[in-house]
Amino acid sequence: MARSARQSKILELISIKEIETQDELARELRNANFDITQATISRDIKELGLTKILSSTGKYKYCFVGSDEQVISNKYITIFKESVISVKVAMNLVVIKTMKGLGSGLSSFVDKLNITELMGAVNGDDTVMLIFPTTTLASQAVVTLNDMLN
């Protein structure tokens, strides 16, 4: 599978599980049908800018730490471009279809975009639904997201 799909899966995994070691991350990726080596995991962690923080359970875990003002890196935009199948509007909702298993990772990416009009996001395995207060704002978001794809 493509590097961007693997890295998107890594972002998804660390957002839903407390992953403390590279071995745990490799095991989770293998369970998700990714053929992975320790060197590749190490490189992905560095490229994604992951760090370890102390979790509420007292264990350290991998996470992505960024500020609200952070600029979205080209790496995340590439992951977005390669993971999204379509972006469509449905009244005041935006529906993003993704490759199987990447809904959560793409939902995290959308959160990093800091879209002020966005009321919330819900994701499934291969879908992200963005909720806007008006149809106009949803339509504007579709244009912006489709521009990122091109």
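Leu118 is buried, with a relative accessible area of 18%; buried here means under 20% relative accessible area, exposed over 50% and partly exposed in between, using a 1.4 Å probe on protein chains only. This is a predicted model, in which local features need pLDDT of at least 70, side-chain atom pairs count only at pLDDT 80 or more, and totals for chains, interfaces and linings use all residues. Residues are numbered from 1 along each chain as its sequence is written, and side-chain values use heavy atoms, leaving out hydrogens and water.

Leu118 sits in the loop between H5 and strand E5 (120-123). Helices (H or I, at least four residues) and strands (E, at least two) are DSSP runs, numbered from the N terminus. Setting aside residues up to four places away in sequence, Leu118 touches Val110, Leu130, Ile131 and Phe132, where contact means heavy atoms within 4.5 Å. Leu130 is twelve residues from Leu118 in sequence, and their C-alpha atoms are 7.0 Å apart.

| Residue | Location | Relative accessible area |
|---|---|---|
| Leu118 | loop between H5 and strand E5 (120-123) | 18% |

Beyond its neighbours within four places in sequence, Ser104 is in contact with Glu12, Ser15, Ile16, Asn123 and Gly124.

Now to helix H1 (residues 3-16), whose 14 residues reach 20 Å from first C-alpha to last, close to the 20 Å expected at 1.5 Å a residue; the expected span is 1.5 Å times one less than the number of residues. Eleven of the 14 residues of H1 are buried, so the helix is largely enclosed by the rest of the structure. Among them are Arg6, Lys9 and Glu12.

H1, helix H4 (74-83) and H5 each give at least two residues to the lining of the largest cavity. A cavity is a set of points on a 1 Å grid over the protein atoms alone where a 1.4 Å probe fits but cannot get out, and lining residues have an atom within 4 Å of a point. The largest cavity holds about 40 Å³ of space, and its lining is Ser8, Leu11, Tyr76, Ile79, Phe80, Gly105, Leu106 and Phe109.

Finally, strands E3 (residues 84-90) and E4 (residues 93-98) pair in the antiparallel sense over six bridges; pairing requires at least two DSSP bridges. Val87 has Ile96 in E4 as its bridge partner. The two strands form a hairpin with two residues between them, and Met91 in the turn has a positive phi of about 60°.

Definitions and conventions. 1 Å grid on protein atoms, 1.4 Å probe; cavity = no way out; pocket = protein on both sides within 12 Å on 5 of 7 lines; lining within 4 Å. Points joined across faces, edges and corners; volume = space filled by probe spheres on them.
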